[in-house]
Amino acid sequence: MQRLTEAALAAIPGAVQKPRYQRGEVKTGIVHIGPGAFHRAHQAVYIDSLLATDPRWGICGVSLRSPALKEKLGPQDNLYTLAVQDLTSGMRVIGAFTELLVAPTDMAAILARMASPETYLISLTVTEKGYCLKDGKLDWQHPDIAADLADISAPVSAIGLLVAALQRRRQAGLEKLTVLSCDNLVDNGHKLKGAVLALAGRLDPALGDWIAAKVAFPCSMVDSITPASEADLEATVAQTLGAVDAWPIKREAFSQWVIEDNFSGPKPALDTVGVTFTQDVALYEQAKLRLLNGTHSTLAYLGSLLGLETVLEAISQPVLADFIDALVAKEIVPSLTAPDDMDLAAYAEAILKRYRNPYIRHLLAQIAWDGSQKLPFRLLGTVRDNLKAGTSIDRLCVAVAAWLRFIEAKAQSGDALTDPLAAKLLACRGPDAFLALDEVFGDLGANPAFAAALKAAYQRLDGITLNSVRERLHDLID
């Protein structure tokens with residue numbers, strides 16, 4: 001069977017959507033750092049739609065570490081397939097990437113592309129840990145930041161790469177640039193700007209001042225469930241396309257992208273392809289982080305403790321579905337202020353419906369990764385607000401306690417824990433040891449009301465099983 005390439009597009013069945021533009025006419029207006037599965041299933045799809053009317057916005061994808069994507073998509077002209085798997089399903093070939101580069105081998109080309117006068121947007125999906133933050137600010141002790149301070153000409157971190165590129169743009173007199181974070185990080189644009197300014201200012205105060213004056217860092221919120229692709233997806237895609245795709249991806253039908261309307265220089269007309277521009281991303285962001293990401297993490301840790309493997313398996317357990325319903329209605333929704341165009345109850349109901357999508361096999365183990373980086377935004381912010389308001393945190397503490405039990409189970413089994421704080425976490429035993437981790441709990445670690453509620457929840461989960469979970473949680477459900 002032939003490989004998916006530009007030449008193979010003509011033979012692909014008409015039911016498969018293909019690029020609706022001449023790829024040879026596309027210019028590279030965007031550099032995206034971290035072109036993983038989520039970016040390819042989300043932002044790149046919006047850009048692919050936009051290219052049909054505005055060819056200035058092709059994407060140069062930059063991998064900071066791994067050459068795998070370049071090696072797999074390069075031979076197929078950077079094309080790949082998106083499989084939407086939902087009640088309404090379909091396949092689409094995405095052609096938004098003009099090139100793929102890898103930092104360890106292509107640094108000169110990457111910096112040249114980022115400093116090109118045709119590049120107006122640099123975006124990122126590098127996960128929370130990729131920002132090298134501690135307590136919301138740049139972590140000067142992070143080894144990647146230390147390396148960048150020592151030699152910014154060969155940057156290691158995403159923050160260092162941005163500073164090196166902006167240094168070049170300043171020298172070339174190129175002022176029109178927007179740097180857009182697309183990660184699940186609260187106040188992501190402002191935190192990214194703060195990190196970039198901190199590093200730039202320490203290297204060269206004048207560069208920091210120039211960036212602050214000339215470069216925009218809008219906040220954004222992104223949403224679409226994108227599970228890891230499995231081996232059978234390649235076979236399904238090949239059968240449908242009549243061509244082999246070395247790295248297809250899949251996602252649910254739902255997709256949302258909200259961007260703060262704060263750009264420096266040309267702005268892609270993404271609102272014409274379904275993106276929301278707003279003056280206040282925070283309300284959308286908080287609703288998504290707490291309602292979707294918060295319940296996702298809750299299911300991941302509780303479900304894993306109960307021996308379940310996927311989101312669908314977890315939400316299909318009536319007791320877990322009832323617990324999530326109660327958590328949302330009694331402790332999460334009351335903590336939120338809705339944007340004018342959002343019905344929080346309907347939004348929450350839609351999220352739970354998405355979890356029941358039988359076509360998406362979203363592994364709880366994948367959602368459980370990097371809990372120390374995720375929980376402060378997904379759960380602990382809600383805890384803080386509820387403590388301040390004097391409202392319940394008992395269900396939220398069950399979710400946090402499930403994370404503690406999950407880590408302890410990893411330590412006992414000897415299984416690897418995917419988390420930047422893995423060594424510290426695996427050494428903890430009992431709630432007090434975890435609460436002492438300032439980098440996770442901060443001021444909450446010394447809050448007696450939170451500590452008491454967390455310890456009570458931790459005891460609830462001692463030896464919990466599918467047979468006992470209803471009994472253990474009944475008072476938090478009924």
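Predicted model: local features only at pLDDT ≥ 70, side-chain atom pairs only at ≥ 80, totals over all residues.
Residues are numbered from 1 along each chain as its sequence is written, and side-chain values use heavy atoms, without hydrogens or water. Local features need pLDDT of at least 70 and side-chain atom pairs count only at pLDDT 80 or more, whereas totals for chains, interfaces and linings use all residues.

Open space was examined on a 1 Å grid over the protein atoms alone. A pocket is an open set of points with protein on both sides within 12 Å along at least five of seven lines; lining residues have an atom within 4 Å of a point. Points are joined across faces, edges and corners, and a volume is the space filled by probe spheres set on them. The largest pocket holds about 1500 Å³. Its lining comprises 50 residues; Gly36, Ala37, Phe38, Thr125 and Thr127 lie nearest the centre. Elements giving two or more residues to this lining include α1 (37-41), β2 (58-63), α10 (282-305) and α15 (371-389). Helices (H or I, at least four residues) and strands (E, at least two) are DSSP runs, numbered from the N terminus. By class, the lining has 20 nonpolar, 19 polar and 11 charged residues. Here Ala, Val, Leu, Ile, Met, Phe, Trp, Tyr, Cys and Pro count as nonpolar, Asp, Glu, Lys and Arg as charged, and the others, Gly among them, as polar.

The second largest pocket holds about 970 Å³. It is lined by 34 residues, with Asp135, Gly136, Pro376, Phe377 and Glu439 nearest its centre. Helix α15 gives the most to this lining, seven residues. β7 (133-134), α10 and α19 (438-441) each supply at least two. The classes are 13 nonpolar, eight polar and 13 charged.

A cavity is a set of points where a 1.4 Å probe fits but cannot get out. Three cavities of 30 Å³ or more were found.

No disulfide (a pair of cysteine sulfur atoms within 2.5 Å) was found in the whole structure. For cysteine 219, the nearest cysteine sulfur, that of cysteine 182, is 11 Å away. For cysteine 397, the nearest cysteine sulfur belongs to cysteine 428, 17 Å away. Cysteine 397 is also buried, with 0% relative accessibility.

Definitions and conventions: Buried < 20%, exposed > 50% of the residue type's maximum accessible area, 1.4 Å probe, protein only.
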